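Hi everyone, and thanks for coming. I'd like to walk you through one structure today, so please have a look at it with me.

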Amino acid sequence: MSNTKKTLSSTPHNILKLGTFSCVRCGLTVSAAASDGARRNHCPSCLHSQHVVDHVEGGSSDCQGRMSPIAIAVLRTGDWMVVHRCVRCDELTSNPICADDNQLILMRMAVRPLAQPPFPLETFGDL
């Protein structure tokens with residue numbers, strides 16, 4: 001009987017470990033399931049992730065570097081994706097945004113190309 005109690009009492013701790021992760025940038029404990037039930041791989045607060053999957057070769061990655069959010073991509077369906085770049089190996093990935101992601105950071109990334117174009121805005125006066 002004591003084995004049954006030991007197994008049952010240890011189960012929630014294992015689920016908790018598998019169901020959460022700590023953000024590599026801000027340290028927030030994050031649920032691996034987003035509020036809409038989707039699988040999450042990035043922090044909803046700062047949008048950073050960790051390089052655990054090698055998207056080029058497939059399988060797990062030995063890099064384990066921090067993945068910084070660098071841009072927003074919009075699919076033909078209208079779904080938004082967060083584009084991440086690994087600070088260690090420069091691999092690029094994209095992941096769907098989650099309903100509870102920080103909307104201010106998402107909007108800042110989305111408008112950055114318009115707010116900081118790679119050319120002087122004064123050139124529009126010459127057209």
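Let me start with a question: which element gives the most to the lining of the largest pocket? The answer is β1, with three residues. Hold on to that while I say how to read the picture.

What you see is a predicted model, where local features need pLDDT of at least 70 and side-chain atom pairs count only at pLDDT 80 or more, while totals for chains, interfaces and linings use all residues. Residues are numbered from 1 along each chain as its sequence is written, and side-chain values use heavy atoms, with hydrogens and water left out.

First, the overall layout. The chain has two helices and six strands. Helices (H or I, at least four residues) and strands (E, at least two) are DSSP runs, numbered from the N terminus. Of the 127 residues, 27% count as buried. Buried here means under 20% relative accessible area, exposed means over 50%, and partly exposed is in between, using a 1.4 Å probe and protein chains only. Turning to contacts (heavy atoms within 4.5 Å), take those between residues at least 6 apart in sequence: 33% of them join residues at least 24 apart.

Now back to the pocket. How much space lies in the largest pocket? About 390 Å³. That volume is the space filled by probe spheres set on grid points, which are joined across faces, edges and corners. The search runs on a 1 Å grid over the protein atoms alone: a pocket is an open set of points where a 1.4 Å probe fits, with protein on both sides within 12 Å along at least five of seven lines, and lining residues have an atom within 4 Å of a point. The largest pocket is lined by 21 residues, and the closest to its centre are Arg 40, Asn 41, Ser 49, Gln 50 and Val 52. Besides β1 (20-22), the elements giving two or more residues to this lining are β3 and β6. By type, the lining divides into eight nonpolar, 11 polar and two charged residues.

Please keep an eye on Arg 40, one of the residues closest to the pocket's centre. How many salt bridges does the count come to? Two, where a salt bridge is a side-chain nitrogen of Lys or Arg within 4 Å of a carboxyl oxygen of Asp or Glu. One joins Arg 40 to Asp 100, with N to O at 2.3 Å. This pair links distant parts of the chain, 60 residues apart: Asp 100 sits in the loop between β6 (92-96) and α2 (103-115), and Arg 40 in the loop between β2 (29-31) and β3 (49-50). The other joins Arg 40 to Asp 101, the closest N and O atoms being 3.0 Å apart. Asp 101 is in the loop between β6 and α2 and Arg 40 in the loop between β2 and β3, so this pair ties together parts 61 residues apart in sequence. Through shared partners, Arg 40, Asp 100 and Asp 101 form one network. Arg 40 is buried at 4% relative accessible area, Asp 101 is buried at 4% too, and Asp 100 is partly exposed at 34%.

Next, strand β6, where we find Thr 93 and Asn 95. Asn 95 is buried at 11%, and its side chain makes a polar contact with that of His 84 at 3.4 Å. A polar contact is a pair of N or O atoms within 3.5 Å; within protein, one must be able to donate a hydrogen and the other to accept it, and residues adjacent in sequence count only if both atoms are side-chain atoms. Leaving out residues up to four places away in sequence, Asn 95 touches Asn 41, Trp 80, Met 81, Val 82 and His 84. Thr 93 is buried at 10%. Beyond its neighbours within four places in sequence, Thr 93 contacts His 55, Met 67, Val 82, Val 83 and His 84.

Leu 47 is not a glycine, yet has a positive phi of about 70°. Is Leu 47 buried or exposed? Leu 47 is buried, at 0%. Asp 90 also has a positive phi, near 70°, but Asp 90 is exposed, at 53%.

Notes
Nonpolar A, V, L, I, M, F, W, Y, C, P; charged D, E, K, R; others polar.
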